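Thank you for passing this model along for comment. My notes follow as numbered points, to be read with the structure open beside them.

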Amino acid sequence: MKYKLPSSHALSEKIIANLMFNENDSLILTDAQYAALEAGLGKGESLLILSPTSTGKTQIAVWAIANALENGLNAVYLVTHRALAKQKFQDFQDMLLSTFLGGDPLSIVLATGDSVIDCRGDIPADPLSTPLLVATYEKYLAMISSTGVPSSMDNTVVICDEIQLLGDKNRGQNVEVLLTLMKNAGWRQFVGLSAVLEKNDGVDLSNWLNVKLVRSPNREKNLRYEYWGEDFIERVLTSSPSTLEKASLPSAKGYRTLEVLEHLSTQSPSSFPAIVFCMKKDDIYKLAESEYRKKSTGKPNNLSIDFDSFPSTSTMSLLSKLLPYKIAIHCADLTDDERKIVEDCLVKNEIDIVFATSTLAAGVNFPLGSAIFHSWTRWDSSKRMHIPIDASEFHNMAGRVGRMGAHHEEGRVVFFPVKNTNFQAYKAYLNLNDMPPITCRINEASFDKLSLQLVSAGLCHDRDSVNTLICSSFSGLREEDNNTLNFSNWPKLIAEAIDFLIDNKMLIQQSDETLLATSFGKAVSYSGFRPISAVILTNYFIDKAPLLSNLLETPLSKENIDRFSFIVFSAAFSTPEFNSQGGVQPSRFLPWQLKDIATNPGSYASDLLEPTWYANPAPTSAAWLALGWINGELLSEQEKTHSDLRAGSILDMYRNLGWSLQGIASIISSITDSRTPAPLRPQKLRENSELLYSLRKIPRVITRLNFRISSGLPDDVLWMEGLNRRGERFKLTREEILKLRKTNMISPESLVLGTEEADKARCAAFSRIKPSPKAKSNWLRDRCRSWKSDQRAKASERHQRRAKGCSEVQLIENFYLYRGTSFEEVYESILTHLGICFEKLDNGNRVGAPDYLITFENSPPIVMELKSKEGDKLVGYNDATEVLSASEIHGYKDNFCVTLCHPGVDPSVPMNITSCGRLCVVESHDFGEALLRYCKKSIRQEQLWNWLASPGQALSDDLPFTEHFDS
């Protein structure tokens with residue numbers, strides 16, 4: 001520990017006063033923190049910091065971020081997991097928002113596979129230019145792969161937490177690709193953090209990144225590693241890692257997990273809370289049940305957790321039984337809510353023992369005193385055997401104990417012999433000075449995806465630059481050193497990968513040999529798909545376009561929508577993203593339980609992407625589950641469909657499906673853009689306008705399916721998700737919405753009824769609310785009454801704030817305030833101010849003419865009708881579709897039509913208008929967001945046209961992010 005700052009720390013008094021630990025008027029720094037400041041962190045030096053867990057690395061990152069913000073720079077904080085990103089997003093709001101960001105809620109953005117939002121829960125127009133962006137590695141890679149590396153990257157401080165992830169078998173390639181992109185774009189400052197990177201790897205990685213290496217091997221709190229053999233203990237302390245001690249077992253009997261827990265419970269000082277790491281989820285449940293049986297004879301603790309307010313699942317039932325006895329589990333089977341319950345209880349010292357897999361979030365400072373490894377080997381499917389986890393993973397897991405700020409003087413790590421394993425294998429974990437080297441993950445199987453990302457991001461513009469950059473990647477340099485013969489073949493394989501991308505219209509090679517990414521290529525790059533997955537999906541949906549289009553014909557039937565949904569879900573689950581192909585492992589995974597029992601697709605079999613579905617039943621089984629989910633099946637019922645299948649795994653599968661659906665919708669939208677030159681379209685779409693027309697209907701329906709997967713709701717009640725607002729006391733849950741649906745309360749009009757019958761139905765849906773459901777019933781009724789006016793007021797306030805300083809900011813207020821003729825006048829004033837060309841068709845001389853003909857740059861004209869309603873009345877089907885007949889009568893039958901709905905559109909309309917193929921509805925707050933982004937040059941007129949000229953409902957969620965290209 002250090003009790004003063006280095007003389008050249010260069011941090012401001014503000015940072016020192018607000019972001020440094022102070023005890024008895026004396027600053028306290030860990031050795032790692034002192035070393036980072038001494039190496040120039042506060043002066044903007046780029047550093048790779050290698051230091052054990054619990055040495056204050058996160059606080060080092062916070063200082064770098066605050067220093068960047070004080071100097072007018074942007075900061076990007078990259079983390080490994082979605083849950084950790086959300087936690088850091090909240091932490092940074094608490095630590096930095098008011099003090100270093102002026103309280104601006106737009107200044108911190110969270111970007112994960114779930115969403116991209118600011119502190120208000122809104123979607124930012126340009127997240128890459130946000131003062132502080134917290135993102136997962138994969139999400140940040142997707143954003144810069146499609147929109148380009150920001151031109152202001154040299155104004156950005158990048159912090160990479162757990163940077164050793166670049167050696168991960170499944171995710172390492174994406175991390176290295178991202179590092180490659182950022183390294184070549186240039187940054188103002190780079191701070192990499194790792195607790196388990198091997199010394200030589202640290203040297204090589206710092207050299208490749210061209211940053212200074214800082215190694216600080218000392219922990220402020222000692223860890224004691226103990227191997228409990230059959231008749232002895234071998235141990236080593238982090239304070240003297242080269243000294244191996246031997247000791248006797250506490251008694252002559254052999255020890256295993258539960259016996260060690262019992263022994264630790266008698267020791268003073270206490271080593272609790274304890275975490276028990278298991279490599280198999282079955283072991284978690286068996287051990288937890290055994291510990292529960294032993295403790296349940298005692299008196300339970302009183303907990304303030306209202307378990308009834310959460311969805312019923314098998315793991316929630318188990319937690320409600322375990323937690324009163326200070327026992328918990330933590331693994332992928334838990335839902336997000338359940339994990340938060342366990343983690344909150346850990347932070348509050350309400351748990352003595354937690355049985356967990358490696359899912360317990362890395363980087364979270366839980367006050368754990370000891371870790372017991374029930375096992376330390378994991379099944380390797382390629383080798384068909386159990387193999388020891390590598391030492392870096394072992395120590396990263398062990399590092400969850402003995403954390404700074406906890407009351408324990410030291411942390412204890414205990415592990416045992418494992419059957420059928422080399423007897424000496426355990427010694428690797430006691431050799432604290434020896435970490436395994438990382439394995440580089442960029443290889444020939446990824447050259448097509450990497451080449452596309454490099455060109456899409458604007459970093460490479462020809463074959464030579466792609467080849468140079470890939471060969472000079474960290475993996476490339478390692479391959480050149482270790483396998484020169486194979487490395488010499490890389491240029492040929494890179495050239496073949498680029499040829500594949502050109503042949504499939506993802507890249508264009510111009511006559512001067514310049515490479516450009518097509519809109520299709522950018523969509524693939526953003527999706528995160530392997531190019532081969534995009535090709536497979538594109539060909540499949542082109543072939544199925546007539547069928548899928550017919551299923552959307554009105555009147556819509558549940559049978560047809562279910563068939564459409566099943567076809568799309570099954571296709572997504574059947575791609576190489578979820579299934580190994582050509583020796584390449586998938587990037588997403590389906591629950592293993594789905595692979596054993598074939599769920600027959602019945603009449604859908606002929607529609608599947610994979611006709612021999614029975615050879616691998618998992619995609620079909622997953623599609624059936626997903627179909628049940630969006631139709632309202634409860635998680636507890638879905639868990640019963642397959643043995644050992646639990647809610648957390650199911651919801652994780654739905655998150656992966658949502659990611660895939662988002663990519664599919666984007667890809668189909670890109671290839672069906674009518675402005676795309678024929679040579680850049682797939683062959684089957686070049687001369688077949690009918691096929692193009694059919695396929696164009698599909699993206700918005702798939703996007704809507706994505707929303708349904710995210711919420712688990714049938715289409716007719718999907719709109720109710722919009723009633724929830726951040727920070728409110730009440731929130732509609734999925735289960736409550738489904739209960740309301742059973743009583744046919746599915747429209748805003750039905751939910752605001754004040755009749756006794758309606759009140760009873762609302763209260764019945766909220767029967768689990770304590771102390772009384774009446775208050776929530778009243779909230780729902782009032783919320784529905786003010787839903788659209790609140791939405792309009794929020795949009796008006798948000799847009800006026802963002803347009804502050806604009807000479808015509810009053811137009812925004814008027815846009816949301818006016819109705820009828822006055823609304824048309826302010827609409828015209830806005831278009832004139834923005835320089836968007838329009839012609840007023842309904843000028844009083846043409847009876848029944850549509851309102852306007854809008855002409856965006858480089859795009860066919862769009863017919864637009866304005867429909868405004870008084871109060872919070874919504875635009876219904878007849879009003880929304882009126883523009884179609886009006887356009888045909890007045891000579892615009894071939895033009896795409898848009899109905900601008902003010903203040904909003906009835907929730908039943910979007911799906912019912914898809915079949916016509918040339919109508920879009922857009923609500924005024926979404927249209928206002930689009931116009932503001934155009935005004936601020938976040939999007940182009942061509943992008944506005946594409947957003948409006950897609951059948952269905954145009955949502956601000958669908959608006960593209962700002963493109964960042966030097967050109």
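This is a predicted model: local features need pLDDT of at least 70, side-chain atom pairs count only at pLDDT 80 or more; totals for chains, interfaces and linings use all residues.

**Notes on the model**

1. K326 is located in the loop that runs between α10 (314-322) and β15 (327-330). The phi of K326 is near 60 degrees, which is a positive value in a residue other than glycine. Most residues other than glycine have a negative phi, and most peptide bonds are trans. With a relative accessibility of 23%, K326 counts as partly exposed.

2. E513 sits in the loop between β21 (507-509) and β22 (515-517), and its relative accessible area of 52% makes it exposed.

3. Two cis peptide bonds deserve a look on the screen. One of them is the bond from S268 to P269, with omega near 5 degrees, and another joins F272 and P273, with omega at about 0 degrees. P269 belongs to the loop between α8 (257-265) and β14 (274-277), and P273 likewise has its place in the loop between α8 and β14.

4. Is helix α5 (residues 137-147) enclosed by the rest of the structure or open to the outside? Eleven of its eleven residues are buried, so α5 is largely enclosed by the rest of the structure. The buried residues of α5 include the charged side chains E138 and K139, and also Y137, Y140, L141 and M143. An α-helix has 3.6 residues a turn, so residues three or four places apart point the same way. Directly after α5 comes G148, which has a positive phi near 95 degrees.

5. D118 is placed in strand β6 (residues 116-118) and is buried, its relative accessible area being 3%. Leaving aside residues up to four places away in sequence, D118 touches F89, P105, L106, I108, V109 and P124. For a sense of scale, D118 and V909 are 791 residues apart in sequence, while their C-alpha atoms are 29 Å apart in space.

6. How many cavities of 30 Å³ or more does the model contain? The count comes to five, and the largest cavity has a volume of about 200 Å³. Its lining is made up of 16 residues, and those that lie nearest its centre are L811, I812, I830, L931 and L932. At least two residues of this lining come from each of α32 (810-817), α33 (820-834) and α36 (924-935). By residue type, the lining of the largest cavity divides into twelve nonpolar, three polar and one charged.

7. The second largest cavity holds about 90 Å³ of space. Among the residues that line the second largest cavity are R700, V701, T703, R704 and F707, together with P910, M911 and T914, and also G952, Q953 and L955. Each of α27 (698-711), α35 (909-912) and β28 (952-954) supplies at least two residues of this lining, and α27 gives the most, with five residues. The lining of the second largest cavity divides into five nonpolar, four polar and two charged residues.

8. Turning to the protein as a whole, there are 37 helices and 28 strands. The radius of gyration is 29 Å, close to the 30 Å that the globule rule gives for 967 residues, so the protein is as compact as a globular protein of that length. Taken along the principal axes, the C-alpha atoms fill a box of roughly 100 × 75 × 65 Å.

9. Of the 967 residues in the protein, 58% are buried, and the accessible surface comes to about 38900 Å², with 48% of it belonging to carbon and sulfur atoms. Among contacts between residues at least 6 apart in sequence, 70% join residues at least 24 apart.

Note on methods:
Residues are numbered from 1 along each chain as its sequence is written. Side-chain values use heavy atoms; hydrogens and water are left out. On a 1 Å grid over the protein atoms alone, a cavity is a set of points where a 1.4 Å probe fits but cannot get out, and a pocket is an open set with protein on both sides within 12 Å along at least five of seven lines; lining residues have an atom within 4 Å of a point. Grid points are joined across faces, edges and corners, and a volume is the space filled by probe spheres set on the points. Helices (H or I, at least four residues) and strands (E, at least two) are DSSP runs, numbered from the N terminus. The radius of gyration is taken over C-alpha atoms; the globule rule is 2.2 Å times the number of residues to the power 0.38. Buried means under 20% relative accessible area, exposed over 50%, partly exposed in between (1.4 Å probe, protein chains only). Contact means heavy atoms within 4.5 Å. Accessible areas come from the Shrake-Rupley method with a 1.4 Å probe; for residues, only the protein chains shown count as cover.
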